[in-house]
Amino acid sequence: MARLLADLTPLRFSPAYRRLWIGNSLSAVGTQLTLVAVSLEVFHLTGSSLAVGMLGAFALVPLVVAGLYGGAVADHVDRRKLALASSSVLWLTAVLIAAQAWLGLESVWVLYVLVAVHSGASGINQPTRGAIIPALVGLKLLPAANALNMMTFSVAMMVGPLFAGVLVAQVGYAWTYSVDVVTFLAALYAVWRLPSLPPQRQDGEEAAGARRRVGWGSVVEGFRFLGSRPNLRMTFIADIVAMATAFPRALLPAIGAVVLGGGEAAVGILLAAMALGAFLTGLFSGPLTRIVRHGAAVYWAIVAWGLSVAGFGVVVYLAARAGASGGEPRHYLWAAAACLALAGCADSVSSVFRNTILQSATPDHLRGRLQGVFIVVVAGGPRVGEMLTGGAAELLTEPMTLMAGGVLCVLGVSALMRWQPGFLKYDSRHPVP
């Protein structure tokens, strides 16, 4: 049984990583509390779903810009100092969000601005932390460390929204935001305790000369490197194909409330099912640490993602037929949730190995920039998928969109492997970018 459970070696091996993981675990739940509570407060103030949707626009643009530029900065300065500075901005933003609630400002624009600042700081913080992990645990323990990080994220995605609704209803927005202020101190402390982590220079590169090149030219340098490294490039392209063709989240409100007839509770179950799948993958991630063919693992995980989404579409189709014939579509809810749990599991496996390939095959002096691109793809790919699946559902209906999208995902990623067969041979013992 121990061989199946998550490998805790990184936590035992590196005290710095252990503090960072514990701090991130606590702060991730608090951050999710704030993100959900902000959306609830915006809806409370405006009564408009469009106003809530605008939060995504205010968050995405700073995340993309800061993620790309922040990754470049992380390749030229002490990463510990950059992580501490960006974490401090995140904490101060959480303080200001709580303060506006305590003061009763009730201003949507204040919330929009604070969410934009928070997202921009996160765009710097996330690639910096991603570039730090290999220095703390070493390349051999990266799969185990990434699986532990994924487990933390999935728990936050399950627990945060659930607690946010309860806390807002019981104690109000101000106290809910204050939980984030307190829990984030653990992450801030963990970063403060990190050792100095300057990026490793290549070919005797001088730090002063490296600093002079910080700028968008440095970002372009990272893209140029990515464009010439097929295995690294494939980690991004494969994920974009998976998200663009078969990301089901935009369809879940209609499926849960209308097709399955379960109302908001059914939507919550479907959303939680994907997070549960990711959590179970992290919990039973022991076998993942013994896989060395990481490219093949990414491919089969994305195939499993596509098939799970297509299976979800089949279940939704059967539920719709049952409802049309006077049956009980809610009987299909748990089968639908099981499909989404499998999808969440597959997506988690893909993420673990894609991130491990990126961290291990990228030279340290470029790692921040590539982590920045990774953050942008992870954040932007699902948004593109939501737009495409939402539009397709208007023409094809939700079940047909899911089935077609799942099949297109499998065909698309298989075509990528035919185009770049070397990716399937990628071996973690000899990481070739």
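This is a predicted model: local features need pLDDT of at least 70, side-chain atom pairs count only at pLDDT 80 or more; totals for chains, interfaces and linings use all residues.

## Reading the model from the inside out

Biologist: Let's take one of them. Which residues does Ile255 touch, leaving out those up to four places away in sequence?

Modeller: Ile255 touches Leu260, Gly261, Leu270, Phe312, Val316, Glu398 and Leu402.

Biologist: Now the overall build, please. How many helices and strands does the protein have?

Modeller: You will find 16 helices and zero strands. The radius of gyration is 21 Å, close to the 22 Å that the globule rule gives for 433 residues, so the protein is as compact as a globular protein of that length. Along the principal axes, the C-alpha atoms fill a box of roughly 75 × 60 × 45 Å.

Biologist: What share of the 433 residues is buried?

Modeller: Buried residues make up 52% of them.

Biologist: Could we try a single residue? Why does Gln359 count as buried?

Modeller: The idea is to compare its relative accessibility with a cut-off: buried means under 20%. Gln359 has 1% relative accessibility, so it counts as buried. This residue is found in helix H14. Leaving aside neighbours within four places in sequence, Gln359 is in contact with Gly130, Ile133, Pro134, Leu139, Leu142, Asn146, Arg367 and Gln371.

Biologist: Arg367 is in that list. Is Arg367 buried or exposed?

Modeller: Arg367 counts as buried because its relative accessibility is 9%. Arg367 lies in helix H15. Beyond residues up to four places away in sequence, Arg367 touches Asp75, Arg79, Ala131, Pro134, Leu139, Gln359 and Thr362.

Biologist: How many residues apart in sequence are Arg367 and Leu333, and how many Å apart in space?

Modeller: They are 34 residues apart in sequence and 43 Å apart in space, C-alpha to C-alpha.

Biologist: Next, open spaces. What volume does the second largest pocket have?

Modeller: The second largest pocket has a volume of about 330 Å³. It is lined by 16 residues, and the closest to its centre are Leu139, Lys140, Pro143, Thr289 and Ser428. Helix H6 (142–171) and helix H14 (333–361) are the elements that give two or more residues to this lining. By type, the lining divides into seven nonpolar, five polar and four charged residues.

Biologist: And enclosed spaces? How many cavities of 30 Å³ or more are there?

Modeller: The count comes to one cavity of 30 Å³ or more. The largest cavity holds about 40 Å³ of space. Its lining consists of Leu68, Val219, Gly222, Phe223, Arg369, Leu370 and Val373.

Biologist: Which helices supply at least two residues each to the lining of the largest cavity?

Modeller: They are helix H9 (216–227) and helix H15 (364–396). The lining of the largest cavity divides into five nonpolar residues, one polar and one charged. Helix H15 is also where we found Arg367.

Conventions:
Residues are numbered from 1 along each chain as its sequence is written. Side-chain values use heavy atoms; hydrogens and water are left out. On a 1 Å grid over the protein atoms alone, a cavity is a set of points where a 1.4 Å probe fits but cannot get out, and a pocket is an open set with protein on both sides within 12 Å along at least five of seven lines; lining residues have an atom within 4 Å of a point. Grid points are joined across faces, edges and corners, and a volume is the space filled by probe spheres set on the points. Helices (H or I, at least four residues) and strands (E, at least two) are DSSP runs, numbered from the N terminus. Ala, Val, Leu, Ile, Met, Phe, Trp, Tyr, Cys and Pro count as nonpolar, Asp, Glu, Lys and Arg as charged, and the others, Gly among them, as polar. Contact means heavy atoms within 4.5 Å. The radius of gyration is taken over C-alpha atoms; the globule rule is 2.2 Å times the number of residues to the power 0.38. Buried means under 20% relative accessible area, exposed over 50%, partly exposed in between (1.4 Å probe, protein chains only).
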